[in-house]
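Hi,

Here's the structure I promised to pass on. Have a look at it first, then read my notes below.

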Amino acid sequence: MSRNNGMIYCNRCGRIICAEEVKDKTSFLSIRKEWGYFSDKKDGMIHSMDICEMCYESLVETFAIPPEEKKMTEFV
C-alpha cells in the first residue's frame, strides 16, 4: 500500500488518489495478497497496493480475459 502523510497514492502512476479520511468516498482498487506455500518466490510475503481508477482502466485493457462485470442494484 502506498499510504503516507495521511494520503493514499496509486502504486502504478504515483499520483495522489485521496486523503485517508475520505477513502470511503473515493473509488479506487485496493489489493492485498498473502502468498502462501507453492508460489515461485513469494512464500510468506504480503503484498498490498492501491490503484486509481484511471490506472485500473489501463491495466484491464491489457487482460486477455476481461474481469467479470455485474450491475449493482443497491449501493451501500
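Here's what I found in it.

It's a predicted model, where local features need pLDDT of at least 70 and side-chain atom pairs count only at pLDDT 80 or more, while totals for chains, interfaces and linings use all residues. Residues are numbered from 1 along each chain as its sequence is written, and side-chain values use heavy atoms, with hydrogens and water left out.

Confidence first: pLDDT is the predictor's confidence in each residue, from 0 to 100. The protein averages 93, and 97% of the residues score at least 70. Helices (H or I, at least four residues) and strands (E, at least two) are DSSP runs, numbered from the N terminus.

Three strands make an open one in the order 1-2-3, with antiparallel pairing; its edges are strand 1 and strand 3 (16–19), each pairing on one side only. Strands pair if DSSP finds at least two bridges between them, and strand 1 has two with strand 2 (residues 7–9).

Next, is serine 39 buried or exposed? Serine 39 counts as buried because its relative accessibility is 17% (buried is under 20%, exposed over 50%, partly exposed in between; 1.4 Å probe, protein chains only). Serine 39 sits in the loop between strand 4 (28–34) and strand 5 (46–52).

Finally, tyrosine 56 belongs to helix 1 and is partly exposed, because its relative accessibility is 31%.

Cheers
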